[in-house]
Amino acid sequence: MEKLRYERPLIKRLDGNMPNKFGMRSDYTPKTHIEGVAVKDLIKKYGSPLFVISERQIRENIRKARKAFETRYPRVQFAWSYKTNYLDAVCRTFHQEGSWAEVVSGFEYDKALHNGVEGSKIIFNGPDKSSADLEKAINNNSLIHIDHLDELYKIQELSKKQNKTVRVAIRVNMDTGIYPMWDRFGFNYENGQAWTAINKIMQSETLELVGLHTHIGTFMLSPNAYATAAYKLAELARNIRLKYNHEINYIDMGGGFASHNTLKGAYLPGTDISPSINEFAEAITTALINSDFPQNKLPLLILETGRALIDDTAFLLGSVITNKRLSDGRRSTILDIGVNILFTSFWYDHKITPAQPFTQYTEDTVLYGPLCMNIDVVRENINLPLLNNGEHLVVHNVGAYNMTQWMQFITLRPRVVMIDMEHKVHVIRDNETLKSLLDLEHVPDHLTKFDL
Amino acid sequence: MKINKHIAVSDSGFVFNPVTGESFTANPMGIEIIEMLKKEQTVEEIHAAVLDKYHTDNTTVEKDVAEFFELLKNFSLIDRHETTEN
């Protein structure tokens, strides 16, 4: 006789008290397949833990975002935010969908070139651009977004030396009514720094002011803040037109649109409170169309959306190492997924679903990672079905920042696979091995031998 | 190990302790073990019965059943006199 699936015995006291922080169970079906491929087969073949990215979902997201903006505004250009996920396969999917590259370091700039992006379609942001980086960007006719005055002077000097006109924009920070206000990047609008920087560029013989850029924050839940930002940039553009009779080519609204993850401490889940891409598009395009731009001279609208386009395209698969009970009676489950590879667990209460069928019985659980470090907590409170050792779980919405901010710490970083449009699985990043780390290390001769 | 004789257990997993007035809910495996305890089966017999019926291993069953007994003790569902003797 076939033996039945085992579930550990459970008994819970029925309390008629207030809802607790573990919350209610919200998932009723297991996540057994991703893009038609069985989770257990993926883990069997590629190991656990494993990042899985859906190419179909990436393409669907960017097409939906383009549609949201292009139906509301005549000239729109997306630029893929490399720092959000710079795996080549991911970047190239976005480039195939027409996105330019938006980079914030020399390393990312080189990666964009390596991916075959024309220099003129690379937007170079960020506060740390070396002279060598800038020279390269100038030679490639890239769009350089100036972050501070020292950078402005450096570009001016390099452009004169190379006798080249450089296409530049300035990053503008501003009060859009949200907290915290991001004022560390770029030039401030309200105190006049931005206008001063614009005047310095307009007086320069070698710098051409082609755009205005802002990036008002991250995981923004208020589309109206973008409308305020767009009005302020339009106001700057109007002043440039009035004083210099110069039209800027583009307005870059940056990124920061929230994904559907749930921020730690949020009262409602991200799926309920995050605005849709249509709401952001409506706020931004309405503000630009209502501003003073002449009808036939509306600037190109650039968007550097990262998180909202990639978060829901990726899953992290893992397995249960063991179940324990803590001293205060709480259930704890230890997974092979640690915060070193799931960096976003510091910000989000990630949705986590068992990958195999389960019963209706659940237990309030703390999910720990495998690291021998107290900080390794994947979920502090989650109401989960009863999981046996070796069973699998799926962490949802992990596409943004995890595969760039992950750390090689205690354990090695796992493989990343992408499932293509025909449900074929491709390894797009190999797992690390001891060799990959030792290749970077050098031991001085006098430390090669020892006796114990 | 002896379950408190006053405990009422329903097939659907509802457990009631008339002495304290407390109610509990148990999953089918929990109910099976409570029923076995009511029939005064030994711990070894319970392990064997679970292993015979379910797809699992001895280490897991021993660990899970021992933890389940701890819960029963904490909820005062196991006869205190018996617990002390054990």
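Which elements of chain A do the buried residues of α5(A) pack against? The legends below, for views of a predicted model, begin with this helix.

**View 1. Packing partners of α5(A).**

**View 2. Buried and exposed sides of helix α5 (residues 131-139) of chain A.** Asp133(A), Leu134(A), Ala137(A) and Ile138(A) are buried. These residues lie on the same side of α5(A) because they cover an arc of only 130° around the axis. Ser131(A), Ala132(A) and Asn139(A) are exposed, and the face that carries them is turned away from the buried side of α5(A).

**View 3. The residue Asn141(A), which follows α5(A).** The phi of Asn141(A) is positive, near 60°.

**View 4. The side of chain A that touches chain B.** Contacts link 17 residues of chain A with 22 residues of chain B. On the chain A side, β1 (4-5) and β2 (11-13) are the elements that give two or more residues. β2(A) gives the most, with three residues. By type, the chain A residues on this side are seven nonpolar, three polar and seven charged.

**View 5. Strand pairing between β1(A) and β4(B).** β1(A) and strand β4 (residues 54-55) of chain B run parallel and are joined by two bridges. Within this view, Arg5(A) stands opposite His55(B), a residue of β4(B).

Definitions and conventions: Residues numbered from 1 in each chain as written. Chains lettered and ligands numbered in written order. Predicted model: local features only at pLDDT ≥ 70, side-chain atom pairs only at ≥ 80, totals over all residues. Buried ≥ 20, exposed ≤ 12 C-beta atoms within 10 Å, placed from the backbone. Helix = DSSP H or I, 4+ residues; strand = E, 2+ residues; numbered from the N terminus. Arc of directions from axis to C-beta. Contact = placed C-beta atoms within 7 Å. Nonpolar A, V, L, I, M, F, W, Y, C, P; charged D, E, K, R; others polar. Pairing = 2+ DSSP bridges.
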